[in-house]
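Let's take a walk through this structure together. Have a look at it below, and then we'll go through it piece by piece.

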Amino acid sequence: MPLDFQDSLFGDDGSGAAGLATLPGERTALARGAWVEVLPGFVTGAAEVFETLVHEVPWRAERRKMYDRVVDVPRLVHTYAAADPLPHPLLAEARTALSRHFRPELGEPFATAGCCYYRDGRDSVAWHGDRFGRGRSHDTMVAIVSFGDTRRLSLRPRGGGEAVSFEMGNGDLLVMGGSCQRTWDHAVLKTAKPVGPRISVQFRPHNVF
Ligand SMILES: O=C(O)CCC(=O)C(=O)O
């Protein structure tokens, strides 16, 4: 697991104190009642948060059955339940700020924090929607904060259509809302570019995963 990295790698000179920028971000309507809202630089001092997450999250490698083989899932993961202490105080602050801002529309707070560690460009997550639990039948929101090197989050209509994508850099926020989990798929696809490690933290309401 690569633990050595420079703040400058992530376009963050490291001098910024850890903090949060003010919501809202910029919202883009997608087809079929879905939307995304983006706020670059939502977390300042994000390089320090990244370093803490690398060391403090109890990362787990998963294996998954694929056809007649069991293969490594190409990223490390850990999910914090709503009551679990989060590994950096800024994550708790971010969840509170996101809950306060989006609650009138979402109707509930963000609860769980899923963490994914993409060690390099070979790590990825394939096209999917968060359609287990209520995401299958109800509009909801998933708020992703990105730490570390820049990776592209792609979205495409479920069943086919033109994809859109967003470069997510260190400290950037992207919220998927409306029908997005039911009517669109999203992915972080592999890249041959020489990218360094990235960690994403996904805040979800109860019973959305
Ligand atoms: O890492 C990301 O930005 C997306 C993660 C994701 O889609 C998932 O874990 O369901």
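Predicted model: local features only at pLDDT ≥ 70, side-chain atom pairs only at ≥ 80, totals over all residues.

You'll find R95 in helix 2, which covers residues 89–106. Is R95 buried or exposed? It counts as buried, because it has 22 C-beta neighbours inside 10 Å, and 20 or more are needed for that label. As for V54, it sits 41 residues away from R95 in sequence and 19 Å away in space, going from C-alpha to C-alpha.

Eight strands make up an open sheet, in the order 2-3-12-9-14-7-6-5, with antiparallel pairing. Strand 2 (26–29) and strand 5 (60–66) are the edges, each pairing on one side only. On average, neighbouring strands here are turned by 25° against each other, ignoring direction. Inside the sheet, strand 9 (residues 142–148) and strand 14 run antiparallel and are joined by six bridges.

Two helices lie across strand 7, strand 9 and strand 14: helix 1 (residues 46–56) runs at about 95° to strand 9, while helix 2 runs at about 40° to strand 14.

Finally, the ligand. Which residues surround the ligand? They are G114, C116, V125, D130, I144, L153, H186, V188, S200 and Q202. Five of these shell residues are nonpolar, four are polar and one is charged. Strand 7 (112–118), strand 13 (184–188) and strand 14 (198–204) each supply at least two residues of the shell.

Note on methods. Residues numbered from 1 in each chain as written. Near = placed C-beta within 6 Å. Helix = DSSP H or I, 4+ residues; strand = E, 2+ residues; numbered from the N terminus. Nonpolar A, V, L, I, M, F, W, Y, C, P; charged D, E, K, R; others polar. Buried ≥ 20, exposed ≤ 12 C-beta atoms within 10 Å, placed from the backbone. Pairing = 2+ DSSP bridges. Axes fitted to C-alpha atoms, helices over the stretch in contact; angles between N-to-C directions. Contact = placed C-beta atoms within 7 Å.
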